[in-house]
Amino acid sequence: MKKKIACIILAAGKSTRMKSTLPKVLHPICGRPILEFTLDLVKSLKVSKSVAVVGYKHQQVKGVLAAHGVEASLQKRLLGTADAVKTALKKLRGFKGDILVLYGDTPLLSSQTIRKLLDFHAKSNSHLSVLTAIAPRPAGYGRILRDEYSGICGIAEEKDADDFQKEIKEINTGIMVFKKDKLQEALRYIKANNRNKEYYLTDAVEILYKRGALVDGLRASDINETLGVNSRLDLASAAKIMRKRINRKIAESGVTIVDPDSCFIDYGVKIGQDTTIYPFTVIENNVKIGNRCKIGPFIHLREGTRLENDCVIGNFIEVVRSRIGSGTLAKHFSYLGDTQIGKLVNIGAGCVTANWDGSRKNKTKIKDKAFIGSDTVIVAPAVIGKQAKTGAGSVVLKNTFVGNGSVVVGVPAVALKKVSKRKK
Ligand code: UD1
Ligand code: MG
């Protein structure tokens, strides 16, 4: 039978190195707080119980945890990772089994890697298994110390490492699995005698080693997975790796991304088959794009945008909270906000739906087969009827309803009178 696992997620830290008022674990990568990637991982592992340790601005972090059904444990003073684990153990009093410790600032880890570590831990019957990695640039990470038999005997934190230890390329990823009684034993002996005056969980390695426990390590095969986000630069590096993963997945599902390096697609964006994404495109959270669309170049699709099939949206266009019907074209320089557009509509170059009146956002409706002339401004709320047309440069004032089939022109836009041609 599989061993019972409980997971502790450390997410209390203050984000000192981020220099931010937002808790580090809530900084987004690809439109999503970094903590949520760890919470997804925990979910996929189907562990018996999970507890996250919160501290700095804990109400905000608790909100994210609650949405994922993960219990929070409050670390009152941020005394270090060992103290954080101690805090979480209070919520795991009756639990018998192994404890997996994950850090909330390591969003790129895959469930395969953690499963490998758990299997390794079960098979080797270790008291403590550490996930390590070989880092070409190990600065900032704890270094793995090995004895003369190559067994793991300690971890030296960057600040406390000597010059020789700083040369070591094998790093602590922060991910560890303990037999619960050995974790408790180690925590009793951890002291804050380091430069940070914190209780380091990493000291558990040396303590257990010296007490004759079996400590072992598994090397992660992909160093990118183990990146810990501690600074704004780390955040940018993690986002870059995540973006590559997102783009690859989207491309594999049948979407052409002409230049993945200049496409910034957030986590969770849905794009249909045979759609082409041209360069310099930003597609944010909560956007859905249908099949066979052409998107970009130079485009910003923001939250709540829905594009049905066969749309062409490109060349300096921003769309937000809008639905665009199938076969509709908006090919040059436009802002479409809070706008519902029907099928086969033509949005001419330079059209703007002016949704913000200074105090609220208002909606625009443009019905099927309407033809919006170049440089039209529609001041919301307004409705443009089916097959209606606006002349180039017209300004449709708010609360205007342009009837089906009507043609309006001018500033303000008024119905075009039929001028009968003079007889010769
Ligand atoms: C930690 C490890 C280091 C490892 C690196 C991997 C320790 C002492 N060091 O360093 O060996 O190479 O991660 O990324 O563990 N936290 C709390 N409460 C606290 C302090 C921290 O919950 O009192 C949380 C943080 O929110 C964070 C995690 O623990 O999610 C790790 O803390 P952090 O300060 O980022 O440790 P590192 O310096 O990265
Ligand atoms: Mg860290």
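Reply: The model is predicted. Asp-105 and Asn-230 are both buried. They coordinate the magnesium ion (ligand 2), Asp-105 through OD and Asn-230 through OD1, at 2.0 to 2.3 Å. The two residues lie 125 residues apart and link distant parts of the chain. Asp-105 sits in the loop between β6 (98-103) and α4 (111-124), while Asn-230 sits in the loop between β11 (215-219) and α8 (232-252).

The strand to examine is β6. Six of its six residues are buried, so β6 is largely enclosed by the rest of the structure. Here buried means under 20% relative accessible area. The burial applies to both faces of β6. On one side are Asp-98, Leu-100 and Leu-102, and on the other are Ile-99, Val-101 and Tyr-103.

Next come the pairing partners of β6. Strand β1 (residues 5-10) runs parallel to β6 and is joined to it by six bridges. Within this pairing, Leu-10 of the chain is opposite Tyr-103 in β6. Strand β10 (residues 170-179) pairs with β6 in the antiparallel sense, over four bridges. There, Ile-99 has Phe-178 of β10 opposite it. In general, strands of a sheet pair through backbone hydrogen bonds, either parallel or antiparallel.

On the scale of the whole protein, the chain is divided into domain 1 (5-226) and domain 2 (238-415). Each domain supplies 10 residues to the contact between them. The centres of domain 1 and domain 2, taken over C-alpha atoms, are separated by 44 Å. About 910 Å² of area is buried between the two domains, and carbon and sulfur atoms give 69% of that area. The count of salt bridges between domain 1 and domain 2 is zero.

Another part of the chain holds an open sheet of 10 strands with mixed pairing. Its strand order is β12-β15-β18-β21-β24-β27-β30-β33-β36-β37. The edge strands, β12 (256-257) and β37 (414-415), each pair on one side only. Inside that order, β33 (residues 389-390) and β36 (residues 407-409) pair in the parallel sense over two bridges. Lys-389 has Val-407 as its bridge partner in β36.

Note on methods: Residues are numbered from 1 along each chain as its sequence is written. Chains are lettered from A and ligands numbered from 1 in the order in which they are written. This is a predicted model: local features need pLDDT of at least 70, side-chain atom pairs count only at pLDDT 80 or more; totals for chains, interfaces and linings use all residues. Side-chain values use heavy atoms; hydrogens and water are left out. Two strands pair if DSSP finds at least two bridges between them. Donors are N, O and S atoms within 2.8 Å of the metal (3.2 Å for Na, K and Ca); water is not among the atoms, so sites may look incomplete. Buried means under 20% relative accessible area, exposed over 50%, partly exposed in between (1.4 Å probe, protein chains only). Domain bounds come from an automatic or database domain assignment. Contact means heavy atoms within 4.5 Å. Buried area is the accessible area (1.4 Å probe) that two parts lose on being put together, summed over both. A salt bridge is a side-chain nitrogen of Lys or Arg within 4 Å of a carboxyl oxygen of Asp or Glu.
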